[in-house]
Amino acid sequence: MTRMGAGEGLFHNRRYARIWLVGLLTALVRWLEMLALGLWALDETGSPALVAALVILRFLPMALAGPALGGLADRAEPVGLLRFALLLVLLVSLAMWALFAAGLATYPMVALAAFGSGIFWASDLPIRRKIVGEAVEPAKLAQAMALDGATSNGMRMAGPLFGGLLYGAAGAEGVYALAACAYAAAFIVALTLAREPAAETARDPAEGGALAALAHAWASPDARRILLVTVAFNLWGFPYLAMVPVIGRESLGLSPGVVGAITSIEGLFALLGAFAVARFARPTGWRRLYVGATGLLFLVILAMGALTSLPALVIGLALGGACTSAFGAMQATLIYQVAPPSMRGRYLGLMTLAIGAGALGFLNVGLTAELVGAERALILLGLEGLIPLLLIARGWRALRSGPPGSGA
């Protein structure tokens, strides 16, 4: 793996630097809104299930639109698609800012806006990450993906921190105002990206729509397991974050600013973890890191639910952030590497579909928390994830030997 210190060379590539900046700005909004609007929903409704519902609505478009967006990215010019998506999400944020400023906003309106933002989120892997992969030479692919992931993880630190403070100071109106500014800046940067026709590639005999891509990936034991680990992570791993505002506010009695600051610890350790992955991970260990980080996260979630306290929450978020960063860095790199060149957009779309399983995961944890409380919901979440992960890993030969694209 290339050392992260060579990341400076990536920024000499102006196309990569610009698409990286778009990712930075949009990731800031993503994580800021997730925390701040979760706090708003809790204050407005008092329901953990409705807090989780806002996150579900962000994930749902990944399942509904991810494969279609992947097919579109393989057939259309991706920079134009990115600009269009940025313009739409900018208009959504401006509309919500105006509604809150006029005192007309309601929970259903925020829920609809969350779904709209989720459509944009669903475009990130098949469209923006595809541009990232095509902007660099193959030898720098893993480094480019890791740096892009590290940036997103950094925003997972900054977003909740500023989200909690901004919500406490300016409410949801201020959140949407900042979101509109960030999306406007990202759109301006995207306008400076040159539109280039997709490179000509040989037609794959399995080439077709989303179903053909799914059949093609499912026929590969390696690609199938890579996708299934992502499903497990998003069903039983990532949804634990929806319970952090609930535990912080209701179980520990913390203020919105403190909840935001504590949640930012997850992003801080995700950032540090991403740099560590870029510095130390080697191709033969990529799949072991991918699976091991997911399994460790399930154990951390279980422990966070069993040991409800401020120290347990802080330590759990730190470990959870490190696990999530290792998982995320490997997720994009592995699926891009195993995909045929003519099907990369659709393979990334399938990965987006797998991430969309998070909609069911957040529904699961939200309803479970309504029935048994947030702490017990985390215990069940961790237990529910470990067994299927062990079944997925069983017999995966590439876990023992595995450079990218090898093994069953």
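In the predicted model, helix α7 (residues 141–191) and helix α13 (residues 310–338) cross at roughly 145 degrees, and their axes come within 9 Å. The crossing of α7 over α13 is right-handed. On the α7 side, the contact is formed by Leu141, Ala142, Met145, Asn153 and Arg156, which meet Gly321, Thr324, Ser325, Ala332, Thr333, Tyr336 and Gln337 of α13. Sorted by class, this contact of α7 with α13 contains five nonpolar residues, six polar residues and one charged residue.

A second pair consists of helix α3 (residues 48–75) and helix α14 (residues 344–355), whose axes lie 7 Å apart at an angle of about 180 degrees. Because angles over 145 degrees count as roughly antiparallel, α3 is described as roughly antiparallel to α14. From α3, the residues in contact are Phe59, Met62, Ala63, Gly66, Pro67, Gly70, Gly71, Asp74 and Arg75. Their partners in α14 are Arg344, Gly345, Arg346, Gly349, Thr352, Leu353 and Ile355. The contact of α3 with α14 comprises six nonpolar, six polar and four charged residues.

Helix α3 also bends, by about 55 degrees at Ala65. A proline, Pro67, follows within four residues of this position, and Pro67 is also among the α3 residues that meet α14. The end C-alpha atoms of α3 are 41 Å apart, which agrees with the 40 Å that its 28 residues should span at 1.5 Å a residue.

Methods:
Residues numbered from 1 in each chain as written. Predicted model: local features only at pLDDT ≥ 70, side-chain atom pairs only at ≥ 80, totals over all residues. Heavy atoms only, no water. Axes fitted to C-alpha atoms, helices over the stretch in contact; angles between N-to-C directions. Helix = DSSP H or I, 4+ residues; strand = E, 2+ residues; numbered from the N terminus. Parallel < 35°, antiparallel > 145°, perpendicular 65-115°, else oblique. Contact = heavy atoms within 4.5 Å. Nonpolar A, V, L, I, M, F, W, Y, C, P; charged D, E, K, R; others polar. Expected span 1.5 Å × (residues − 1). Bend = angle between axes of the 7 residues up to and from the residue. Left-handed = near helix turned anticlockwise from the far one by under 90°.
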